[in-house]
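Open the model in your viewer and keep the sequence beside it. This tour tells you what to select next and what you will find there.

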Amino acid sequence: MSLLSETACADKITRIERILGPLVELAHECRLCPRQCRVLRESGQVGTCGAGWNPKIAVALPHFGEEPPLVGTKGSGTVFFSYCPLKCSFCQNYDISTMGIGRLVEPAELASIFMQLQNMGCHNLNLVSPTQSIHQIMSALLIAFRKGLNLPLVYNTSGYELPEILELLDGIIDIYLPDAKYGDVHSGQTLASASNYAEINRQAIREMFRQVGPLQTDRQGLAIRGLIVRHLVLPNRLADTRAVLRMIAEETNEQAHVSLLGQYFPTTNVQEHPDLGRQVQEFEWLEAVFWLHHFDLERGWLQYPSYDDRDMFIPNFNNETVFHFIVEKGLQECLIH
Ligand code: SF4
């Protein structure tokens with residue numbers, strides 16, 4: 001298993017110390033994401049994402065539903081942060097991203113959770129939806145690295161990220177795992193009230209690729225550095241998959257690993273929606289795969305549409321088996337109270 005060297009960890013500590021002040025400053029009158037709400041979060045105001053000052057976590061666990069180089073044999077040490085700045089109407093994790101289910105944690109406790117995931121043998125630390133809490137996550141990481149954390153860091157995001165914030169993370173994040181959700185102004189506006197999504201996402205992926213380059217793995221095939229871009233195919237071409245895949249190819253010289261996801265399912269919120277109210281049909285999936293090849297994106301994974309096994313890939317936070325698994329592994333304090 002590839003762990004970070006002592007030198008790499010020391011370098012991360014130095015870099016985190018350097019950016020912590022600027023990040024906290026940006027969070028005060030919040031400008032941590034493209035929404036630029038400018039709300040005073042420390043005083044209790046909330047912006048579009050809904051997050052307060054301290055991070056909330058929905059669950060933390062060794063996750064086996066991520067891409068194979070992240071999962072290995074011991075799982076990806078995944079921490080799901082509550083809330084999300086993007087708020088897609090069809091979100092597959094609606095309970096977490098919009099309802100904000102979870103438990104507030106202080107940085108010291110979060111650092112302890114990171115260490116527990118490492119002690120359980122996880123191959124990396126996978127921060128899911130970290131954007132709105134990045135200032136406090138960095139505080140927690142500082143504590144954890146000083147205590148001996150040495151896992152590669154995965155930044156797992158909707159892809160709605162300000163490039164100037166990403167620049168602050170240069171040298172700290174090892175693996176970027178962004179979504180590329182929408183390919184045009186219309187889809188971003190209609191599905192997430194974010195008409196600038198496609199342009200911001202392009203800039204973000206450009207910056208991520210500049211920092212970490214193509215995916216690198218160790219001898220066991222575990223990810224140690226690089227970029228993996230996820231794209232969820234939507235029914236009725238709503239995501240403009242063609243434009244998304246072209247953008248990824250252009251910004252990464254066809255070098256990015258792409259995880260093409262076909263497992264979209266309509267959540268309760270959109271079951272009656274005329275376009276979103278059904279799963280992706282075979283012809284739509286095949287069309288997406290065609291564009292993948294057309295733009296020479298030959299590295300990555302296909303997750304075929306499935307009507308049976310969605311729980312393998314999308315944690316259902318009401319699913320007792322998920323919670324039993326955590327309890328068995330001794331991470332009770334991460335359960336939602
Ligand atoms: S992180 Fe939340 S509060 Fe801050 S700018 Fe983004 S949506 Fe607004």
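**Stop 1: the whole chain**

Keep in mind that this is a predicted model. Colour the chain by secondary structure. The protein chain holds 12 helices and 10 strands. Its radius of gyration is 19 Å, close to the 20 Å that the globule rule gives for 337 residues, so the chain is as compact as a globular protein of that length.

Turn the model along its principal axes. The C-alpha atoms fill a box of roughly 50 × 50 × 40 Å.

Now show the surface. The accessible surface of the protein chain comes to about 13,800 Å². Carbon and sulfur atoms account for 50% of that area. Of the 337 residues, 58% are buried.

Select the charged side chains next. There are 27 positive and 38 negative ones. The centres of the two sets lie 4 Å apart.

**Stop 2: the nonpolar core**

Hide the surface and go inside. The largest nonpolar core has 88 residues. Which residues have the most contacts inside it? They are Phe114 and Leu141.

Select residues 134-147, which form helix H5. Helix H5 gives this core its largest share, eight residues. Another core lies apart from the largest one. That other core has seven residues, among them Leu70, Ile175, Leu215 and Ala223.

Go back to Phe114 and show its surroundings. Setting aside residues up to four places away in sequence, Phe114 touches Val79, Leu125, Leu127, Ile137, Ala140, Leu141, Ala144 and Leu149.

**Stop 3: Ile16 on helix H1**

Select residues 6-28. This is helix H1, and Ile16 lies in it. Is Ile16 buried or exposed? Its relative accessibility is 0%, so Ile16 counts as buried.

Show the contacts of Ile16, leaving out neighbours within four places in sequence. They are Met138, Leu141, Leu142, Phe145 and Ile172. Draw a distance from Ile16 to Phe145. These two residues are 129 places apart along the chain, and their C-alpha atoms are separated by 9.9 Å.

**Stop 4**

Move on to the loop between H1 and strand S1 (56-63), where Cys33 is found. At 9% relative accessibility, Cys33 counts as buried, because the cut-off is under 20%. Beyond its neighbours within four places in sequence, Cys33 is in contact with Pro85, Thr131 and Leu162. Cys33 and Glu161 are 128 residues apart in sequence and 5.7 Å apart in space, C-alpha to C-alpha.

Select Pro34 next. Pro34 is also placed in the loop between H1 and S1. With 12% relative accessibility, Pro34 counts as buried. Pro34 and Gly47 are 13 residues apart in sequence and 12 Å apart in space, C-alpha to C-alpha.

**Stop 5: two positive phi angles**

Select Tyr83. Tyr83 sits in the loop between strand S2 (76-81) and helix H3 (94-97). What is the phi of Tyr83? The value is positive, about 80°, although Tyr83 is not a glycine. Tyr83 is buried, with a relative accessible area of 14%.

Jump to Ser129. Its place is in the loop between strand S4 (125-128) and H5. Phi of Ser129 is near 55°, a positive value in a residue other than glycine. Ser129 is buried, with a relative accessible area of 15%.

**Stop 6: Tyr304 at the surface**

Finish with Tyr304, in the loop between strand S10 (300-303) and helix H11 (310-313). Is Tyr304 buried or exposed? Tyr304 is exposed, with a relative accessible area of 53%.

Show the partners of Tyr304, leaving aside neighbours within four places in sequence. Tyr304 is in contact with Gly262 and Trp285. The C-alpha atoms of Tyr304 and Ile173 are separated by 29 Å, and the two residues are 131 places apart along the chain.

Methods: Residues numbered from 1 in each chain as written. Predicted model: local features only at pLDDT ≥ 70, side-chain atom pairs only at ≥ 80, totals over all residues. Heavy atoms only, no water. Helix = DSSP H or I, 4+ residues; strand = E, 2+ residues; numbered from the N terminus. Rg over C-alpha atoms; globule rule 2.2 N^0.38 Å. Buried < 20%, exposed > 50% of the residue type's maximum accessible area, 1.4 Å probe, protein only. Areas by Shrake-Rupley, 256 points an atom, 1.4 Å probe, with all protein chains shown as cover. Lys, Arg positive; Asp, Glu negative; His and termini not counted. Charge placed at Lys NZ, Arg CZ, Asp CG, Glu CD. Contact = heavy atoms within 4.5 Å. Core = buried A, V, L, I, M, F, W, Y, C linked by side-chain atoms within 4.5 Å.
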